[in-house]
Amino acid sequence: MTPRTGSSSSKNGAPFSYRPRLGLEMEMVVADAQSGASLPVRSYFEALAAVKRRKGVECEPYYLDGRCVGLSTSRADCGLDNGFNLLETALAPIEGGKGGLYRLADAANAELADTLSALQADGACVLSASQHPTCGRDAEWYRRVCVSRPIYRELREYRGWHHWEGIDAKAQNGANTSVPVRDAIRALNVAVALAPAGIALFANSPIESGRISGYKENRMRLWPRVFAPARFPGDLYLSRYPARPFRDLADFFRWMFGPGTVTRGLPLELSDDYKAAPTALPEGDPCLQDFLRAARWPARRMDNGQGVDLVPHAQHFEYSQIGQFLDARLRYKLHAPPSLEDILRAWEQDGGLEALFEQCGADAYIEARGPGAAFADADLLEEAGDEAARSVIVAPSAMQAGLLGNLDEACRLLRDRTWEGLGALREPAMRFGLAHEGVRSLCAEVLAIAWDGLDAGDRRWLAYPEFVLATGRSAADRMLDTWVSAAGEPEARMRAVLSRHAALHPDVFEGQTRYRV
């Protein structure tokens, strides 16, 4: 998502006024519609293009190694996450403010409807799950289904990440909410510290590799598995809860790019495509901060091993923003790019990067990574009713928008509960969810703040987490019930899960949205 935001004025004097935007990245676990087994798509993108074109939507396919891996439209980017068994649809930014969540729900349901229709070409469906319950993570499966993005070679072969740990379709419901630059760090601190509430309320991965995992949100155990064996300790460090809240943008970027960290490969040509652009690895494994302060740096191309000289550029700073794996990220786009000298100078001043980003018309937003993927399914509809089922797809967005719309109160909650105390709730949120008293109490406070931060007409989109809080039963609890009550081997239990937890077509909720986008 790149919501249009900013304030003050650009270098040429043109004003950059902040306008609220909402975005959503829907990650969708693909399953065989007969057996429920994890299924890599084959005909999906061709079928999706046909669905779009019948509706008069222009779409542009894109490829890797001669294979289609996505479609770009004016409304969304419809692609893949790390494997052909995990779809990812990123909506174009939606106008926020009053009624924004209705607009977001319309867009999300329109895309989900198209996806479910196109998946029929593969005999597939979407599971309401944040991790496929029976999919394995062995080398042969990884080889078969992994998307062949250039960045993955660096991550596996050079950095030593166990990238295959996530190949069992670990999925999130990524709420993206714009913020004014002046509030960006406070918003990030809130999103990171209060993430245990989102983890617990949207927990949806209690089964792993055909066994009960002992966690309500097992998906969130991914990062230590990926990073603990890595070559550079800084990679694991950048996935761990920070020791304290960030003071300003300069403090945040020192944490992410400073000593103790190692820059990722950097693009040979200026690009913001961090997954597919050809890159080179700086010799000596510097942190990005040291690299940017040099006149030039010897490097080695990742694609052919040839030596090159990289000249530090301001876009290397912007390109590298993806390099941390907390439960929330600060993302941004600079519309009037500054010089590298401007960035380095502002970085040394308290509040300097805030002033520079505002001058450059930064689009800043918070990307939530804690809430697991969830969709309306037969089980939820039966147990919770229409209102909760209708809201589930945008409920994480509603909760985050409400928190950021009531930012002073959210920051007060951080002070009252303390940064350390909130961090200590992350593991219980993953393992026990609402069954942990401290987690449930936090969820109640977070939802109350979010409620007050939303326009009255948009509060209905909190119906799903309100149901979870009131009953103490998340999607994980409902899936566990299905799994335990089914008889036989994992394959038989998976068919039971399929019958209860396949995502329903949005037309089931007649009158809820009319796909106006």
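**Close-ups: cavities and a helix pair**

Searching the whole structure, which is a predicted model, turns up four cavities of 30 Å³ or more. The close-ups below take two of these cavities and then a pair of helices.

**View 1. The largest cavity, with about 230 Å³ of space.** Its lining is made up of 23 residues, and V262, T263, R264, S320 and G323 sit nearest the centre.

View 2. At least two lining residues come from each of α5 (184–193), α6 (195–201) and α16 (395–405). Which helix gives the largest share of this lining? That's α16, with five residues. The lining of the second largest cavity counts 14 nonpolar residues, three polar and one charged.

**View 3. Helix α22 (residues 475–485) meeting helix α23 (residues 490–501).** The two axes come within 8 Å and cross at roughly 135°, so α22 and α23 are oblique to each other. The crossing is a right-handed one.

**View 4. Who touches whom between α22 and α23.** On the α22 side, the contact uses R478, M479, T482, W483 and V484. From α23 come P490, R493, M494, A496, V497, R500 and H501. Sorted by type, the residues of this contact are seven nonpolar, two polar and three charged.

Key
Residues numbered from 1 in each chain as written. Predicted model: local features only at pLDDT ≥ 70, side-chain atom pairs only at ≥ 80, totals over all residues. Heavy atoms only, no water. Axes fitted to C-alpha atoms, helices over the stretch in contact; angles between N-to-C directions. Helix = DSSP H or I, 4+ residues; strand = E, 2+ residues; numbered from the N terminus. Parallel < 35°, antiparallel > 145°, perpendicular 65-115°, else oblique. Left-handed = near helix turned anticlockwise from the far one by under 90°. Contact = heavy atoms within 4.5 Å. Nonpolar A, V, L, I, M, F, W, Y, C, P; charged D, E, K, R; others polar. 1 Å grid on protein atoms, 1.4 Å probe; cavity = no way out; pocket = protein on both sides within 12 Å on 5 of 7 lines; lining within 4 Å. Points joined across faces, edges and corners; volume = space filled by probe spheres on them.
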